[in-house]
Each structure stands twice: as structure tokens, then as C-alpha cells.
Amino acid sequence: MKRAMGEPSPTELQTRLLAWYDANRRDLPWRRTGNPYHILVAEYLLQRTRIVSGTPYYERFLRKFPTVQNLAAAPLDDVLTVWEGLGFYGRARSLHAAARAIVERHGGEIPQSFEELNALPGVGPYTAGAVGSIAFGLAVPAVDGNVTRVIARLFRIRDDVTTASVRRRVAEMAARLVSSDRPGAFNQAMMELGATVCTPTSPSCPRCPVERVCLARAAGEERELPMRRSPRSTPVVPVVFGLVTASGHVLLVRRPRGRLLGGLWALPGGERIGRSDKGDLVAAVRSQTGVDVEVAARWSRVNRTFSHRKWSGSIYRCTPRATPVERRAVRWLTREDALRLPLVPFHREAIEALAGIESYREAD
Ligand code: SF4
């Protein structure tokens, strides 16, 4: 791709950005390692996660699964338990599947080519580019949201960056910019610039190392770019769940894979189909567990926001009409055993709160 008149030159951008990164980079645990497995874990764990929230998970994860072999050999429930509370549980399942693929297909060594990395479960061009450049020095780009914003501003791209054609253009520009000497440092410099200086709503241009060559800054458009079609509002979906208890036991179901919070254990219930909380709940518990329940008072309210929907509703205390029978994806467990499973976080809170209720056992 040819450079248009007035566009910043790759060499100048690389020199300025790398010097700035060397002097200003944040000291983060995954930047202190050259271990490809640790770098791979960080990339799965930290996507769409704030560093301050993700760092304790990264450290805990590697304490529990110090090698790719440990991770591949672990049951999925153990992986989900360490991941619980971080969200995006599909990534935990993909990382677990990737570890198994690495052991089975690559003899336990993280593959070193972009194509092989890109073929691992849950890995796309961003993760393959990040791991390939940081761990193995491949001169490939890693384009995430931060990098897209920086490129759109540097090159004053006035088209909608959410469209496939503009995304392709941004990826091509990123590929042209990446340093062949220090690709990992360059990609991290771009991400770091987007995270700390060229931020979404208030870019700090006066302290930016590439201000002098930034076309959006020159045009006074740094706050207008990148352009995106206006986001659709997040739908609010009514939900209802049952805290079904008797004799110190609680009823749990495993949420189906591929669905929101998939793979985690949960209270029965979910998104409401009909108009009545209680009627819907009785039907949902019966269809998910085979148990008929008596619905009692509301136990707590639910207000949770996910990336693409909001859940609003209630958890009700319920009593089973007969002792539940365990089967695949249905458990009838003591409170202590239930709390050992990877649980939907706000369902864990509801179960934990039972301990504070003096009448818990008597009420059962
Ligand atoms: Fe972003 Fe401003 Fe730097 Fe341009 S000058 S890259 S808009 S921070």
C-alpha cells in the first residue's frame, strides 16, 4: 500500500513510538516474561478487561495452571472456578481447548507461526498477532480497539471503522507500520498509547509522542475520530431465578455452552418468556431439572449488565415438592459443596447470603 501525501512515515512513527514506550511503558506482570504460554494466557484473559481487574486473575491463573500441560489436564470446572467473576466465560473455555490442542497437535509447545496460532480455538488475528509478535518476534500487526482508534486518528480516517472494508484498511495500515526489528514492542506501544494517551473521549495530544505527525490533531478532529455508527441501545431482558432449597441443600443447573454464562453452574431459571415471574419460574425449574417447586418470597433483585444485554429481575426462594434427583447438568448439593463449583457470580452471592439467615435450616 502506497503512502498518501502528508501521511506519517512508518519509520518516523516507529522511532517516536518505540522511544516513548521504552521510557513510559507500564510495568505489568506479562511484560516481564518471555514465556509464550504466559503471554498466551494474558492475551486470552485481558481482552476487553481492564488491566486493574485482570491482573489478579492472570496471577491466580498461572499459580493454578503453571504450564500448558497443567491447563490441558485440568477439568473445565477448575478453569471456570479460577475465571469466575471475570466474565466472558467463552474465553476460558477456548483457552482450555487451546491448551488441549497445543498438547495434542504441537507436543505441548506454543506454535510459532501466525497461521498455527490463528488456528487455535478462540484465537483470531488480534491474538495471533499479539502472541506471534511479542513471544516470537513475528513482524505481524495486532489490531485491537485501541490500535484502531490510534490509526484512525493518525491517518485521519473519516469512515465508519466498524465496517468490514475500513477494518481491512486499518489492518493493512497496521501491517505496514509494524517494526520488523521490534514488532512485539511496537504493537504494545500502539496499544499502550491508545490505553493511556490517545484515549476514546479525551486524548492527551500535548503529551503524545506522535502529535507532530498526527493528521487528526492537525485538523483539530482528534475528538471526532474514529467514526462509528451510533451504537444500538442494550436491550433489557427480564429474568427470574429460583433459589430452591431444602434440608441444607440447594438446586443447581449447568448453563448450556454457547449461551450467556455458558458452562457455569447456576440457579435454575433464566430469561423470562411469559408475563408472570412465578408462573415462568415454576415452568423453567420443571423443564430444567424435572422438579416441581413452590415459589415463596423474593430473595433478591437482579440487575446485571453484559456486553450485549442487561438482565433485570428477581431471585425467588423456592421449596421443592419432592427431593430433586441429580442428573446430567443438575445437582442437588449442600451449600458448602455448591460453593466449590464455578458459579454465576450473583448466584454465588445469593447462596452465600443463606448463611446469614438464622432461619435457613428451620425455614427448610
Ligand atoms: Fe491520538 Fe492526539 Fe496522539 Fe493524535 S496526537 S495519536 S489524536 S493522542
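## Salt bridges

D277 is buried, with a relative accessibility of 15%. In this predicted model, D277 is joined to R272 by a salt bridge whose closest N and O atoms are 3.0 Å apart. R272, at 26% relative accessibility, counts as partly exposed. Salt bridges that share partners also link R156, R158, E221 and E224 into one network.

The count of salt bridges comes to 21. Among them is the pair D159 and R169, with an N to O distance of 3.0 Å. Because D159 lies in the loop between α9 and α10 (164-177) and R169 in helix α10, this pair ties together parts that are ten residues apart in sequence. D159 is partly exposed at 36% relative accessible area, and R169 is partly exposed at 30%. Another pair is E211 and R217, whose closest N and O atoms are 2.9 Å apart; E211 has a relative accessible area of 26% and R217 one of 28%, and each is partly exposed.

## The buried aspartate D144

D144 is located in the loop between α8 (125-136) and α9 (145-154). D144 is buried but has no salt bridge. The nearest side chain of opposite charge belongs to R149, 7.4 Å away.

A polar atom of the D144 side chain lies 2.9 Å from the backbone nitrogen of V147. Beyond its neighbours within four places in sequence, D144 is in contact with Y126 and M191.

## Cysteines

The count of disulfides is zero. C205 is buried, with a relative accessible area of 10%, and C214 is buried at 11%.

Conventions. Residues are numbered from 1 along each chain as its sequence is written. This is a predicted model: local features need pLDDT of at least 70, side-chain atom pairs count only at pLDDT 80 or more; totals for chains, interfaces and linings use all residues. Side-chain values use heavy atoms; hydrogens and water are left out. Helices (H or I, at least four residues) and strands (E, at least two) are DSSP runs, numbered from the N terminus. Buried means under 20% relative accessible area, exposed over 50%, partly exposed in between (1.4 Å probe, protein chains only). Lys and Arg count as positive and Asp and Glu as negative; His and the chain ends are not counted. A salt bridge is a side-chain nitrogen of Lys or Arg within 4 Å of a carboxyl oxygen of Asp or Glu. A polar contact is a pair of N or O atoms within 3.5 Å; within protein, one must be able to donate a hydrogen and the other to accept it, and residues adjacent in sequence count only if both atoms are side-chain atoms. Contact means heavy atoms within 4.5 Å. A disulfide is a pair of cysteine sulfur atoms within 2.5 Å.
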